[in-house]
Amino acid sequence: MSLWIYYYHRVSIEGEVDISLSLFDRQMRFLSENANVCSLDDVCEFIEKGRVPLKPTVAITFDDGFYETYSFAEPIISKYGLTATVFISTSRILDGGKRITLRDYWSGKASLKDFVKPSPVSLKYRDTTSPYQSGFMTWEEARYIDKASVRVESHGHLHLKLPSYPPRIAGTYKGFAGKSSSRRWWLRHIVHRLREGVPVFFLESSLKVRSFKWKHPLLNFCELTPDCLEKVEWEKLVIPETEEEQRKRILGELETSKRLIEENLGKKVIHLAWPWGEYSELSVELAKAAGFKACYTTEKRLISCADDVFHIPRLGARRSWIKFLKRFYACASGYGYNALKVLKIGV
Ligand SMILES: [Zn+2]
């Protein structure tokens, strides 16, 4: 008696980024033979009726709207007669036509070398908002997969992190060696002329955060030593968003994303997956106001009868075949995912 949702990001030829083509194919074949693969509409119906299916039942989702969801994932999903959903961040979707897919490879019209490769930057930093844009699908490709086996729904518009109020220092910029993702986001979006010593602040998803503006140009702080930085009263140097401004910004982003998909694909959009799984109860309230009927998190657990459709958990797909099987059987068993986690059986 179990129901759960997988989330994937990228499928790459050799597994350079996320899951390899062959492992993804193997996982889809396995699911087609061992589970009931349903749509997100079905998941919502199960939850609303308070009835979790007897046979292991899963939904397959992709986040972000990468080109590979169109070129690699959709042909494989269709090959096994499955259905899936991709949550796209609409600001990243490109103009332009359809590019090659696995179908062209299968029919001998293209070789694997012809596919767009993830750039070295995105490989190194996994930074999906770098100027490298061909990693995302075009609107025409989105229209195509939505009519085939992969429904297109919303992942917000910007997929952006903003500094959260009150400002909290995560560290100082020490060049590209910094490993924390907060530093990377800061680096990409907030500071355009970086110098060593620039204070780096904690960031959160634009769809969750109450953010702020600086009263003074940030570069004024560059020469401060770490000792001085600790003494700065950051709250006095910023203007926080009012609740009204925060609501307007988040609602505006949610509505933009929904409208762009609806206009470009000529369909109703009702499902929303939070970028990085970050949201607040205000985000959920605004998602409802924007017209979404279900929201998806990255809370790693099975769906239970007690869940509601605005807080639906999802499990990451595993990049190892053994771990994928372990997680599948842990979920499919009466013990459930969490019970096996407590027993320290890696799932
Ligand atoms: Zn995302």
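Me: What share of the 347 residues of the protein counts as buried?

Reply: Start with the rule: a residue is buried if 20 or more other C-beta atoms lie within 10 Å of its own, exposed if 12 or fewer, and partly exposed in between, with C-beta atoms placed from the backbone. Here, 37% of the 347 residues count as buried. Please keep in mind that this is a predicted model: local features need pLDDT of at least 70, side-chain atom pairs count only at pLDDT 80 or more, and totals for chains, interfaces and linings use all residues. Residues are numbered from 1 along each chain as its sequence is written.

Me: What is the mean pLDDT of the protein?

Reply: pLDDT is the predictor's confidence in each residue, from 0 to 100. Its mean is 85 in this protein, and 80% of the residues reach 70 or more. Residues 177–183 stay under 50, and the model has 11 contacts for them beyond four places in sequence. Residues 185–192 are also below 50, with 14 contacts beyond near neighbours in sequence. Two residues are in contact if their C-beta atoms, placed from the backbone, lie within 7 Å.

Me: Which residues have the most contacts inside the largest nonpolar core?

Reply: In soluble globular proteins, nonpolar side chains tend to be buried together. A nonpolar core is a set of buried Ala, Val, Leu, Ile, Met, Phe, Trp, Tyr and Cys residues joined through C-beta atoms within 7 Å. The largest one has 69 residues, and those with the most contacts inside it are I5, Y6, V43, V58, A73 and C295. Leaving aside neighbours within four places in sequence, Y6 touches V58, I60, T61, R314, L315 and A317. Another core, of five residues, lies apart from the largest one and includes L162, F201, L203 and V209.

Me: Which residues are buried in helix α2 (residues 40–49)?

Reply: Helices (H or I, at least four residues) and strands (E, at least two) are DSSP runs, numbered from the N terminus. The protein has 12 helices and 16 strands. In α2, the buried residues are L40, V43, F46 and I47. Because these residues cover an arc of only 115° around the axis, they sit on the same side of α2; the arc is that of the directions from the helix axis to the C-beta atoms. E48 and K49, on the other side, are exposed. The buried residues of α2 pack against β1 (3–8), β5 (57–64), β6 (84–88), β14 and β15 (294–296). Just after α2 comes G50, with a positive phi of about 65°.

Me: Where does α3 bend?

Reply: The bend at a residue is the angle between axes fitted to the seven residues ending there and the seven starting there. For α3 this is about 40° at A73, and a proline, P75, follows within four residues. Helix α3 is mostly covered, with 10 of its 13 residues buried.

Me: Is H159 buried or exposed?

Reply: H159 counts as buried because it has 23 C-beta neighbours inside 10 Å. Its phi is near 55°, a positive value in a residue other than glycine. H159 is in the loop between β7 (150–154) and β8. W276 is not a glycine either, and has a positive phi of about 55°; with 15 C-beta neighbours inside 10 Å, W276 counts as partly exposed.

Me: Which residues does a cis peptide bond join?

Reply: Y165 and P166, with omega about -5°. P166 is in the loop between β8 (161–163) and β9 (169–172).
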